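Visitor: I would like to go through this structure by question and answer. Please start with any term I will need.

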Amino acid sequence: MGAIGDNLQAVRARIVAAAVAAGREPSAIGLLAVSKIFSAEAVAEACASGQRAFGESYVQEAVDKILQLAGCDIEWHFIGPIQSNKTRLVAEHFDWVQSLDRTRIAERLHAQRPAHLPPLQVCIQVNTDGGPTKAGVAPADVVALAEAIRSLPRLRLRGLMTIPEPAVDFSAARTLHVRARELFDALNAGGLGLDTLSMGMSADLDAAIDAGSTMVRVGSAIFGQR
Ligand SMILES: *Cc1c(COP(=O)(O)O)cnc(C)c1O
């Protein structure tokens, strides 16, 4: 097995260990391999090691890879900032969008999702830190965006995605992730029926799993430093 296969195995072992430590079922936590910047060959190598879900942040780079890897059984997730002039490419080439944070973008993705494809699976990106410059909707605005998405049949609302500020240690990271988990639980108590809480990256996936993440997004621990 090459380095990517070895890294994947190590990341999967970390997920299992974190789940067991948290008293959770390891199979309840999905792994999204974040391949931005890395080549189609690197994605193919991860795919050969059994990885199916990949995350990309830059539309044009991603579409090039998606076309090159059209023969592979891959689920593609868009996780970067979405500009309105790129929504058509996203709607046509991706299975998921995790970084949805505006009604206007949701409406464009809905209108541009090709009829022969299943609905686009979406997560709302939430800014749980309250930092003014970061992407994502404020927690108080999530319900309004969720209701807008639910009125668009070519989109299917699956959950929330967060990118908290880097934390100094496990406990600080966990505190930030728990905030997202509490919001997720409150939305479900309100009847939204969400099944995906996408949080945790290479540095903090253990804390995110402890706090209830159902999908970790891991780049550098699999593909190397960018
Ligand atoms: C790049 C990226 C990741 C992966 O980060 P690593 O620290 O390399 O694991 C996860 N989520 C998003 C939204 C990213 O842009």
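Guide: A nonpolar core is a set of buried Ala, Val, Leu, Ile, Met, Phe, Trp, Tyr and Cys residues joined through side-chain atoms within 4.5 Å. Buried means under 20% relative accessible area. The model shown here is predicted.

Visitor: Which residues have the most contacts inside the largest nonpolar core?
Guide: In general, nonpolar side chains of soluble globular proteins tend to be buried together. The largest such core here has 63 residues. Its largest share, six residues, comes from helix H1 (residues 3–21). Those with the most contacts inside the core are Ile124 and Leu160.

Visitor: Which residues of helix H7 are buried?
Guide: Helix H7 covers residues 170–189 and has 20 residues. From first C-alpha to last, H7 reaches 28 Å, close to the 28 Å expected at 1.5 Å a residue. Buried residues of H7 pack against H6, S6, strand S7 (196–198) and helix H8 (205–211). They are Ala173, Leu176, His177, Val178, Ala180, Leu183, Phe184 and Leu187.

Visitor: Which residues does leucine 160 touch, not counting those up to four places away in sequence?
Guide: Leu160 is one of the residues with the most contacts inside the largest core. Among the residues that leucine 160 touches are Cys123, Ile124, Val126, Val142, Leu194, Thr196, Leu197 and Ser198. The list also includes Ala180, Leu183, Phe184 and Leu187.

Visitor: Which residue of S5 stands opposite tryptophan 96?
Guide: S4 pairs in the parallel sense with strand S3 (residues 75–78) over two bridges, and there histidine 77 stands opposite tryptophan 96. Three bridges join S4 to S5, and these strands also run parallel. In S5, the residue opposite tryptophan 96 is glutamine 121.

Visitor: What is the handedness of the β-α-β unit made by S4, H5 and S5?
Guide: S3, H4 and S4 make a right-handed β-α-β unit. The unit made by S4, H5 and S5 is right-handed.

Visitor: How many residues are in the other core, which lies apart from the largest one?
Guide: The largest nonpolar core has 63 residues. Apart from it lies another core, with Ala53, Trp96, Met161 and Met215 among its members. The number of residues in that other core is eight.

How values were computed: Residues are numbered from 1 along each chain as its sequence is written. This is a predicted model: local features need pLDDT of at least 70, side-chain atom pairs count only at pLDDT 80 or more; totals for chains, interfaces and linings use all residues. Side-chain values use heavy atoms; hydrogens and water are left out. Helices (H or I, at least four residues) and strands (E, at least two) are DSSP runs, numbered from the N terminus. The expected span of a helix is 1.5 Å times one less than its number of residues. Buried means under 20% relative accessible area, exposed over 50%, partly exposed in between (1.4 Å probe, protein chains only). Contact means heavy atoms within 4.5 Å. Two strands pair if DSSP finds at least two bridges between them. A crossover is right-handed if, with the strands pointing away from the viewer, the path from the first strand over the helix to the second runs clockwise.
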